[in-house]
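Colleague: I'm new to this one. Could you show me how to read its features?

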Amino acid sequence: MSARVRLVELTAGAAADAEAIDRVMGAAFDPRYGEAWTRSQCVGILAMPGVWLTLARVEGAVVGFALSRAIMDEAELLLIAVDPAHARTGIGATLLRGAIAECRSRGVKRLHLEVRANNPAVALYAGHGFRRAGVRRNYYRNRDGETFDAHTYALALE
């Protein structure tokens, strides 16, 4: 019997989607690393100019998202997450390609992101051409006070 292929639909999101974003982020981000944003942080940044939210939907349900912002010809991928129930199905790569395409359509020449040094998503970013640009020592702090380095990456879009 063959597995049913589920189509991923990318749609624009808004502050009204904060509950879905919060649900995905709560499931996707391990709390021991302190990477998840609060709902109010997400809603607050969505009100800023140049910020956009992309939702990944499967059969209408939000299963992932990407939050990005552009300033002039530079952009940053602020957050990207996929519900673990849909991990390793290509949704993260679809969201990343969508963010890159949106940046190009906005005239962005360089896309940046920051990620915990030991995050498995580093392979996804490297596979899409991102190159390591720097390190922020002890950037992430968990509830127990343990710290983790953040690596910054950049992708030239020209």
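Colleague: Which residues does Leu-111 touch?

Modeller: A contact means heavy atoms within 4.5 Å. Not counting residues up to four places away in sequence, Leu-111 touches Ala-75, Glu-76, Leu-77, Ile-100, Cys-103, Phe-130, Tyr-153, Ala-154, Leu-155 and Leu-157. Keep in mind that this is a predicted model, where local features need pLDDT of at least 70, side-chain atom pairs count only at pLDDT 80 or more, and totals for chains, interfaces and linings use all residues. Residues are numbered from 1 along each chain as its sequence is written, and side-chain values use heavy atoms, with hydrogens and water left out.

Colleague: Which residues have the most contacts inside the largest nonpolar core?

Modeller: A nonpolar core is a set of buried Ala, Val, Leu, Ile, Met, Phe, Trp, Tyr and Cys residues joined through side-chain atoms within 4.5 Å. Buried means under 20% relative accessible area, exposed over 50%, partly exposed in between (1.4 Å probe, protein chains only). Here the largest core has 26 residues, and Leu-77, Leu-111, Tyr-125 and Phe-130 have the most contacts inside it. Elements giving it two or more residues include β3 (61-71) and β5 (110-116). Its largest share, six residues, comes from α3. A second, separate core has 17 residues, among them Phe-29 and Val-62.

Colleague: Where does Glu-59 lie?

Modeller: In the loop between β2 and β3; helices (H or I, at least four residues) and strands (E, at least two) are DSSP runs, numbered from the N terminus. Phi of Glu-59 is near 50°, a positive value in a residue other than glycine. Glu-59 is exposed, at 53% relative accessible area.
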